[in-house]
Amino acid sequence: MTSKGRIFSGMRPTGRLHLGNYLGALQNWVALQNEGYECIYCVVDLHALTTETDTSHLRANTYEMVLDWLAAGLDPQKTILFVQSQVPEVNELHVILSMVTPFGRLEDLPTFKEKVRQNPENVNYGLLGYPVLQAADITLYLAQYVPVGEDQVPHIEFTREVVRRFNNRWGEVLVEPEAKLTETPRVMGLDSVNKMSKSLDNHIELAATPEEIRRRVMTMVTDPQRTHRHIPGRPEVCNVYHLHQIYTPADQVIRIEHDCKTAAIGCVDCKKIFAASLITGLAEHRERRARFAADPDYVWDVLAEGRKRASVIAQDVMLRVRDAVGLP
Ligand code: TRP
Ligand code: SF4
């Protein structure tokens with residue numbers, strides 16, 4: 001089968017993934033792989049260094065995250081799965097791309113401004129250079145498409161500018177990538193206010209046990225107007241209902257919508273139904289994950305193989321880059 005084009009994307013090693021990571025990104029990564037793109041997916045551990053001062057969990061977090069990648073259906077036979085720092089050519093390309101990066105452009109990026117606001121005591125050089133390293137990730141593999149969420153679009157736009165400047169100065173070596181937006185609504189956390197995220201502890205892990213799923217689902221915030229069992233609810237504003245639409249069979253969802261609007265069902269029962277749907281929906285993931293985890297070397301073997309395949313591309317591109325730049 002001929003490829004529809006080359007895709008690159010990266011995820012920070014955050015450990016076990018949650019529903020938000022899956023519905024917002026990973027599910028789409030798997031679909032692209034199965035639609036016949038040539039996919040390269042990277043654990044961006046160097047990017048994690050820009051904000052994480054405690055780096056002692058990087059290995060374990062990489063391992064746990066890649067287990068979720070594999071359980072979700074990323075197939076190392078088809079797709080390159082590798083760790084960013086294990087293909088060090090990216091650092092050299094990062095330096096070269098930094099020479100065609102205007103300083104002020106980096107300071108203006110919304111992601112940088114936000115990180116500075118969140119973490120004013122740790123504004124380091126690496127953080128400013130984050131998008132340059134990301135541009136190096138993408139261009140080192142001559143990727144044509146980059147599946148990302150809305151928040152990352154400025155980084156892809158930035159990458160395109162850098163590629164144009166590189167190619168104008170040194171010749172057409174790099175490829176201008178296109179963002180491929182993931183069309184999923186953002187998944188809200190259990191609090192229904194914030195996006196689902198591990199740091200806010202408002203998440204449900206893909207690998208959660210049935211007991212844990214039940215416990216977490218029962219804490220979910222529903223329609224705030226439904227302060228009493230007899231007050232009808234508004235499914236359209238309820239996070240539980242939104243997730244029902246993904247995990248509960250359609251005929252049952254129609255009934256839930258009706259019963260909520262007529263107060264025929266209470267939120268507790270509604271959440272019990274949702275917990276049951278989610279337990280069923282995640283069962284296969286959990287089983288596959290356990291099977292991959294049974295061999296503790298498996299994840300590292302996959303990543304070693306991915307590193308080899310990624311290196312072949314990276315080394316070839318760097319030869320062309322050095323030649324174009326005129327490095328002796
Ligand atoms: N910056 C991305 C994020 O925070 C992660 C990332 C790093 C990435 N390098 C990449 C995404 C290359 C796409 C392509 O989500
Ligand atoms: Fe949400 Fe269900 Fe409660 Fe309706 S009954 S508000 S859909 S949890």
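Mentor: Here is a set of questions and answers about the terms, each tied to this protein.

Mentor: First, some ground rules. This is a predicted model, in which local features need pLDDT of at least 70, side-chain atom pairs count only at pLDDT 80 or more, and totals for chains, interfaces and linings use all residues. Residues are numbered from 1 along each chain as its sequence is written, chains are lettered from A and ligands numbered from 1 in the order in which they are written, and side-chain values use heavy atoms, with hydrogens and water left out.

Trainee: What makes a stretch count as a helix or a strand, and how many of them are in the protein?

Mentor: Both are DSSP runs numbered from the N terminus: helices are H or I with at least four residues, and strands are E with at least two. By that rule the protein has 14 helices and 5 strands.

Trainee: How do you know whether the radius of gyration agrees with a compact globule?

Mentor: The radius is taken over C-alpha atoms, and the globule rule is 2.2 Å times the number of residues to the power 0.38. For 328 residues a compact globule would come near 20 Å, and the protein has 22 Å, so the two agree. The C-alpha trace spans about 75 × 45 × 40 Å along its principal axes.

Trainee: Why is Leu142 called buried?

Mentor: Buried means under 20% relative accessible area, exposed means over 50%, and partly exposed is in between (1.4 Å probe, protein chains only). Leu142 has 18% relative accessibility, so Leu142 counts as buried. Leu142 sits in the loop between α8 (130–140) and β4 (145–148). Across the 328 residues of the protein, 47% count as buried.

Trainee: Where does Ser192 lie, and why is Ser192 called partly exposed?

Mentor: Ser192 lies in the loop between β5 (178–181) and α10 (210–218). Its relative accessibility is 24%, so Ser192 counts as partly exposed.

Trainee: Why is Glu183 called exposed?

Mentor: Glu183 has 79% relative accessibility, so Glu183 counts as exposed. Glu183 is found in the loop between β5 and α10.

Trainee: Which residues are in contact with Arg322?

Mentor: Leaving aside neighbours within four places in sequence, Arg322 is in contact with Glu92 and Leu327. Arg322 and Glu92 are 230 residues apart in sequence and 9.7 Å apart in space, C-alpha to C-alpha. Arg322 has its place in helix α14 (residues 298–325), and with 26% relative accessibility Arg322 counts as partly exposed.

Trainee: Which residues of helix α11 (residues 239–247) are buried, and what do they pack against?

Mentor: The buried residues of α11 are Asn239, Val240, Tyr241, Leu243, His244 and Tyr247. They pack against α1 (19–34), α12 (250–261) and α13 (267–293).

Trainee: What are the domains, and how do you know their bounds?

Mentor: Domain bounds come from an automatic or database domain assignment. The protein is divided into domain 1 (6–187 + 296–325) and domain 2 (210–281). The contact takes 4 residues from domain 1 and 4 residues from domain 2. The C-alpha centres of domain 1 and domain 2 lie 37 Å apart.

Conventions
Contact = heavy atoms within 4.5 Å.
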